[in-house]
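Student: Let us go through this model by question and answer. Please show the sequence and the structure first.

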Amino acid sequence: MRCMPTRIAALAALLLSAPAAAAAAAQAKSLPEQIADVMVRRHAPSAGPRT
Amino acid sequence: MPVTVRLSDGTGLPEVSDANPNTSPQGMAIRLMLPKGGFTDIVANSHNGFFVGTGDDFLAFLEAIAATTPSSAHPTPIEQFLGAHPRAAKVVKESQALPKSFATLAFFGNNAFVFVDSAGTRRAGRYQILPAAGIAHLDAAASARAGANYMFEDLRRRIAHGPISYTLAVQLANPGDPTNDGSVVWPDDRKRVVLGTISLTAIAPDNEALQRSLAFSPINLTDGIQLSDDPFPALRAAVYALSVQHRGQAPSRTN
């Protein structure tokens, strides 16, 4: 299910400037994926909550 | 009924200090093993009322946190977000005091579910998990002395001396109370139905492996409990599923 958005994003990277391509890639992701991405970007490398 | 409970610091940062105020609200996830097999989960945190009520706002909240650095000009991205979202600002403001212990924290489901009784009557409600030891926080002097692992050391110490207990309850909505926005707190006078007592009696022997493998989800429901119009449980379930994938790929650590 995620192959098509990834391929669209790759095509966009060829056609658009880098910031525009990044924005297009973000648009291709679902809201949960965007939330998970920003959490990983903030925390990486993360081993999950400290429990 | 056997339960497995995961207690956690906020932020998701694996090495964050317990004494960092940004670790509040803390988390509690509960898995109840049902008598006829299977399980149901409750996922809660230690503030009554969530930061925001929509997934888009939650993404914006996280983006604002991620975009804020010590060198950010004021108002920083997170200051701008909190300025525009007073309920999120309230959560941050009310989460500054360090808890005395996980045993002295109340936890709140914040998201509404629909509870259906044997006659088919449907009532919206939110979980509340209330500590038998009462709610307590550290004063300034104790906060200054608090070690990086004081919450989890306290947990082990307390359990060694006896169970840590909480009352599991559901706060029922009155007609008209919003059920689709977990950032809106229902008034305290709403009826509270006690479901039982949760007693924590031992640290899981395979704690390190279990905390990596367990995947709690607020949509792991059971007969008589249904989703409401609150958008967050489904969103949280999807994000948690991705989180489990990331956690499985992360390097191991020691606690």
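Student: Which residues in H3(B) does H2(B) meet?

Tutor: This is a predicted model. On the H2(B) side the contact is made by Phe81(B), Leu82(B) and Ala84(B). The residues they meet in H3(B) are Pro86(B), Ala88(B), Ala89(B) and Val92(B).

Student: How many residues of the contact of H2(B) with H3(B) are nonpolar?

Tutor: The contact has no polar and no charged residues. The number of nonpolar residues is 7.

Student: Are H2(B) and H3(B) roughly parallel or roughly perpendicular to each other?

Tutor: H2(B) covers residues 77-84 and H3(B) residues 86-94 of chain B. Their axes lie 5 Å apart, and the packing angle is about 115 degrees. Angles of 65 to 115 degrees count as roughly perpendicular. H2(B) and H3(B) are therefore roughly perpendicular.

Student: What is the angle between H1(B) and H2(B), and how does it class the pair?

Tutor: The axes of H1(B) and H2(B) are 7 Å apart, and the helices pack at an angle of about 150 degrees. Angles over 145 degrees count as roughly antiparallel. The pair H1(B) and H2(B) is therefore roughly antiparallel.

Student: Which residues in H2(B) does H1(B) meet?

Tutor: H1(B) contributes Asp57(B), Ala60(B), Phe61(B), Ala64(B), Ile65(B) and Ala67(B). The residues of this contact divide into 9 nonpolar, no polar and 1 charged. On the H2(B) side they meet Pro77(B), Ile78(B), Phe81(B) and Leu82(B).

Student: Which residues of H1(B) are buried?

Tutor: H1(B) spans residues 55-67, 13 residues in total, and reaches 18 Å from first to last C-alpha, close to the 18 Å expected. Buried means under 20% relative accessible area. The buried residues of H1(B) are Gly55(B), Phe58(B), Leu59(B), Phe61(B), Leu62(B) and Ala64(B).

Student: Which residues touch the most other members of the largest nonpolar core?

Tutor: This core has 31 residues. Elements that each supply at least two of its residues include strand S6 (122-131), helix H5 (150-161) and strand S7 (164-172) of chain B. Apart from it lies another core, of 18 residues, among them Leu59(B) and Phe232(B). In the largest core, the residues that touch the most other members are Phe102(B), Phe107(B), Tyr127(B), Ile129(B) and Tyr166(B).

Student: What percentage of the residues in chain A is buried?

Tutor: Chain A has 3 helices and 0 strands, and its pattern along the sequence is α-α-α. Of its 51 residues, the buried share is 27%.

Notes. Residues are numbered from 1 along each chain as its sequence is written. Chains are lettered from A and ligands numbered from 1 in the order in which they are written. This is a predicted model: local features need pLDDT of at least 70, side-chain atom pairs count only at pLDDT 80 or more; totals for chains, interfaces and linings use all residues. Side-chain values use heavy atoms; hydrogens and water are left out. Helices (H or I, at least four residues) and strands (E, at least two) are DSSP runs, numbered from the N terminus. The expected span of a helix is 1.5 Å times one less than its number of residues. Buried means under 20% relative accessible area, exposed over 50%, partly exposed in between (1.4 Å probe, protein chains only). A nonpolar core is a set of buried Ala, Val, Leu, Ile, Met, Phe, Trp, Tyr and Cys residues joined through side-chain atoms within 4.5 Å. Axes are lines fitted to C-alpha atoms, for helices over the stretch in contact, and angles run from 0 to 180 degrees between N-to-C directions. Angles under 35 degrees count as roughly parallel, over 145 as roughly antiparallel, 65 to 115 as roughly perpendicular and the rest as oblique. Contact means heavy atoms within 4.5 Å. Ala, Val, Leu, Ile, Met, Phe, Trp, Tyr, Cys and Pro count as nonpolar, Asp, Glu, Lys and Arg as charged, and the others, Gly among them, as polar.
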